[in-house]
2 protein chains.
Amino acid sequence: MENFVHDIPTKVYFGKGVLSQLDSALRQFGKNVLLTYGGGSIKRSGLYDEVMKILNEGGFKVIELNGIDPNPRISSVEKGVALCKENDIDVVLAIGGGSTIDCSKAICAGYYYESDDLWYMVKHARGGMKVLPLVDILTISATGSDFDDSAVISNPETNEKIGVVFAHPAVSILDPTYTFTVPAYQTAAGSADIMSHIMEGYFSRTEDSEVSDGLCETILKTVIRNLPIALKDPDDYAARANLMHAESVACSGIPEYGKLGSGWPCHAMEHELSAYYDITHGVGLAILTPHWMRYILKKDPSCMWRFVRFAKNVWGLEGDDERELALKGIDALEDFFKSNGIPSSLSELKIGTEHFEDMASHCCEGGRMGSGFVPLDKDDVVNIYKDCL
Amino acid sequence: MENFVHDIPTKVYFGKGVLSQLDSALRQFGKNVLLTYGGGSIKRSGLYDEVMKILNEGGFKVIELNGIDPNPRISSVEKGVALCKENDIDVVLAIGGGSTIDCSKAICAGYYYESDDLWYMVKHARGGMKVLPLVDILTISATGSDFDDSAVISNPETNEKIGVVFAHPAVSILDPTYTFTVPAYQTAAGSADIMSHIMEGYFSRTEDSEVSDGLCETILKTVIRNLPIALKDPDDYAARANLMHAESVACSGIPEYGKLGSGWPCHAMEHELSAYYDITHGVGLAILTPHWMRYILKKDPSCMWRFVRFAKNVWGLEGDDERELALKGIDALEDFFKSNGIPSSLSELKIGTEHFEDMASHCCEGGRMGSGFVPLDKDDVVNIYKDCL
C-alpha cells in the first residue's frame with residue numbers, strides 16, 4: 001500500500017432541509033456575500049428565492065455574479081474577483097454544480113492572488129494558497145467539487161481547459177431534493193462523471209489497498225443501481241441521495257488512498273474534447289472510457305487482472321476466460337451508459353478528426369498520459385480518439 | 001436515507017516514514033509539548049527515542065506524562081491537565097493506542113474547562129468545547145481514536161466507564177510499521193474492536209444508505225482477510241496497513257452516514273464489563289457480539305434481513321433458508337474470533353454473574369439499549385450477559 005495524506009476540512013450538511021444551516025455557515029465569516037450561480041435553473045426551481053429570503057432575513061449584504069457557464073471561463077473568474085475587491089466580500093456562496101463551484105474556488109483564490117493575471121494563477125496554482133472562504137449549495141450530483149480542493153477552468157481564447165488545486169470549500173450544503181429538477185440527460189452525464197472519478201483511481205497497479213478498492217466498487221455499484229431509478233422517477237429521494245453521497249466521496253481523493261495514481265488519463269483526454277467542442281464533461285468521459293479500456297487492455301495485457309476484478313466485483317459477471325470476462329466488463333459499462341441515454345460516439349456529437357493531433361499533443365503535456373496504469377503516448381491518444389468516432 | 005453532518009478536521013499522514021511530519025505538525029501550535037504515553041512498549045520498540053530525537057533537534061520543551069493505563073482513568077486526566085497548566089503547554093503529543101489518545105483528548109479539553117471537577121466534565125461534555133490541539137502517533141490498530149472526536153474515560157472509584165465527545169485530533173501520524181511489535185492477542189483484540197465499530201452501525205434498520213453499507217462490508221472483509229496474515233507474519237506491511245486503514249475509518253462515523261443509529265449496544269454492555277473487570281475492550285466486544293446477535297434475532301425476527309445480508313456480503317455464505325443463513329453468519333463471526341485466539345466466553349475470563357444486575361442497570365441508563373436496531377431492556381441485557389458465560 002502507498003502512503004497518503006488525508007486533509008479535507010470541509011464541513012458537509014447532507015439531507016433534506018439542511019439549508020437551515022446556511023445562515024450560521026455564512027455568518028461565521030462575515031456579512032458581505034458574493035452569490036455566484038449559472039443560468040436561470042435556480043430561479044425556476046425556487047431555490048434562489050429560498051436562499052435570498054435567508055440572506056435578507058439574516059441582514060447579509062449580497063452581490064451577485066450570475067451567468068457562470070458550464071466549463072467555466074477565466075473571464076467569469078476575473079469578474080468575480082473584481083466584485084469581491086470592490087465590495088469587501090467576506091465569503092463566497094456558490095449555488096450550482098461543479099462549474100459554479102469550480103469558478104468560485106478560483107475567485108476565492110484570485111482575491112488574494114498577488115497579480116492581476118488570473119490565467120497565470122490557474123496555470124501555476126498548486127494549493128496551499130490563502131483563499132476567501134467558500135460555502136456551496138450543490139444542485140447536481142456530478143463533479144464532487146463540493147468535497148475536493150480542485151477546479152477546472154477554461155480559456156476559450158487558447159482552447160485550454162486546466163485542472164488546478166486551490167482549496168476545499170469551508171461548508172457544503174447537500175440537499176438531494178435540489179437535484180429532483182435536474183434533467184435526465186444531465187443526471188446521466190453527472191453519473192458518468194461520478195463513475196469516471198472512481199474508475200480513474202480504481203484502474204491502478206496497486207493490488208493491496210483493500211479499503212479503497214472496496215469503496216470504489218461500492219460507489220460504482222451505488223451509481224449503477226440508482227441512476228436508472230432517478231431517471232425513471234426523478235423525485236425518488238433515496239436514489240437522488242445515494243447519487244449525491246456517491247458524488248461527494250468519488251472525487252475527494254479518498255477512494256484512491258494507498259494506491260498508485262493513474263494520472264487520470266480519461267479526464268486529460270476529455271478536457272481537450274470539451275476545450276475544443278464545449279461538450280458536456282460527463283458525456284465525453286462516458287464515450288472515452290470504454291475505448292480507453294479496450295485500447296490499454298490490448299496494449300498491455302498485464303493489466304488484465306484489474307479488468308477481471310472490475311467485471312466480477314462491479315458487474316457481477318463470471319467466466320473462466322479472463323480476456324473474455326475483462327471485455328464483458330467493459331461492454332457492460334458501455335451498455336450501461338447507452339441504456340441511460342448517453343451518446344456513445346464522438347460522431348453523434350458531430351466531432352470529427354480535425355483537431356485530434358493538437359488535442360493529443362496538449363493532453364500528453366505534463367506527463368499525465370505517461371504515468372500510472374498503462375502509459376500512453378500521443379499516437380495512442382490519437383488512436384483512442386479515433387476509436388471513439 | 002437519513003441526514004448526516006460530516007465534520008472531521010483531522011489531518012492524517014499515513015504510511016511508512018511519516019514521522020518526518022512530526023516537527024511541522026507540532027510547530028504550528030508552539031514549542032511546549034506534553035508527551036503522553038502508556039507503559040514501556042514505545043521505549044522497547046525504539047519509537048520513544050526516535051520521537052525524542054525529533055523533539056530535541058526541533059528545540060521543543062517536552063513535559064512527560066507516562067503510565068496511562070488501558071481503560072484510562074480520570075486520575076491520569078487530572079495529572080495531565082495540571083502538567084499543562086504548570087508548563088504553559090501549547091500542544092499535546094500522544095503516542096499509543098486508544099487509551100493514551102482518549103486520555104489526551106480529555107486533557108486537551110480539561111485544560112480550558114471552567115472547573116477543577118474533571119469527572120463532572122467527562123459526564124457532561126458534548127463536544128464543541130475549546131481544546132488544546134492534539135497530535136497523535138498511533139501504535140495499535142483498534143479504537144479509531146486517531147480519527148474521531150470521542151474518548152472513553154474510567155472512574156475506578158465508582159465503577160463507571162463513560163464515552164464522551166470532546167474534539168478530533170489536529171494531526172494523526174499513522175505508520176503501520178509501528179504496529180509490527182503489537183503482540184498477537186492485542187492485535188486480535190484490536191481487530192475485534194474495529195469490526196465492532198462497524199457492526200454497531202451496520203446493524204441498522206436503514207436499508208437504502210448504499211455507500212455506507214458497502215463501506216461497512218468492505219472494512220469487515222478487509223479485517224477478516226488481513227488479521228490472520230498479521231498474526232502469522234507480524235511484519236507483513238500490507239496486512240498491518242490494511243488493518244490501520246480500516247481502523248481509522250471504522251470509528252469515524254463515516255460508515256454510519258445516512259443510517260439510523262443503533263445506540264451502539266455492544267459497546268454499552270462492554271463498557272460495563274471493563275469498568276467492573278478491567279478486561280481488554282476488544283475481547284469483551286468479541287464475546288458479547290455474537291450472543292447479542294442471536295438474542296435479538298430471536299427477540300425480533302423482523303431484523304432477519306440484515307443478518308442475511310451480513311452472511312452473504314461479509315462471509316460469502318449462501319442458502320435458501322433465511323434463518324439458517326442468518327445464524328450461519330453469526331457462527332462465522334464467532335468462529336473467526338475464536339480462530340484468531342480471542343476468548344469466547346466470560347467464564348474463560350473468570351467472570352461470574354455477581355454484578356450482572358448492576359451492570360445491566362447502568363448500561364440501560366441514557367437510553368442506548370432502548371434505541372436503534374432492536375431495543376433491549378435490563379432483563380434482556382442480563383440474559384445476554386448470562387449467554388456469554
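Which residue in S1(B) is the bridge partner of Phe14(A)? The legends below, which describe a predicted model, begin with that pairing.

**View 1. Strand pairing between chain A and chain B.** Phe4(B), in S1(B), is the bridge partner of Phe14(A). The two strands concerned are S2 of chain A, residues 11-14, and S1(B), which run in the antiparallel sense and are joined over three bridges.

**View 2. The side of chain B that touches chain A.** Contact between the chains involves 32 residues of chain B and 32 residues of chain A. On the chain B side, at least two residues each come from strands S1 (4-6) and S2 (11-14) and from helices H8 (210-232) and H9 (237-250). The greatest contribution to this side is that of H8(B), with nine residues. By class, the chain B residues touching chain A comprise 15 nonpolar, nine polar and eight charged.

**View 3. Packing of helices H12 and H13 in chain A.** Helix H12 (residues 304-314) packs with helix H13 (residues 322-339) at an angle of about 60 degrees, and their axes are 8 Å apart. H12(A) and H13(A) are therefore oblique to each other, and their crossing is left-handed. H12(A) makes the contact through Met304(A), Phe307(A), Val308(A), Phe310(A) and Ala311(A). From H13(A), the contact residues are Glu322(A), Arg323(A), Leu325(A), Ala326(A), Lys328(A), Gly329(A) and Ile330(A). Eight nonpolar, one polar and three charged residues make up this contact of H12(A) with H13(A).

Methods. Residues are numbered from 1 along each chain as its sequence is written. Chains are lettered from A and ligands numbered from 1 in the order in which they are written. This is a predicted model: local features need pLDDT of at least 70, side-chain atom pairs count only at pLDDT 80 or more; totals for chains, interfaces and linings use all residues. Axes are lines fitted to C-alpha atoms, for helices over the stretch in contact, and angles run from 0 to 180 degrees between N-to-C directions. Helices (H or I, at least four residues) and strands (E, at least two) are DSSP runs, numbered from the N terminus. Angles under 35 degrees count as roughly parallel, over 145 as roughly antiparallel, 65 to 115 as roughly perpendicular and the rest as oblique. A crossing is left-handed if the near helix is turned anticlockwise from the far one by less than a right angle, and right-handed if clockwise. Two residues are in contact if their C-beta atoms, placed from the backbone, lie within 7 Å. Ala, Val, Leu, Ile, Met, Phe, Trp, Tyr, Cys and Pro count as nonpolar, Asp, Glu, Lys and Arg as charged, and the others, Gly among them, as polar. Two strands pair if DSSP finds at least two bridges between them.
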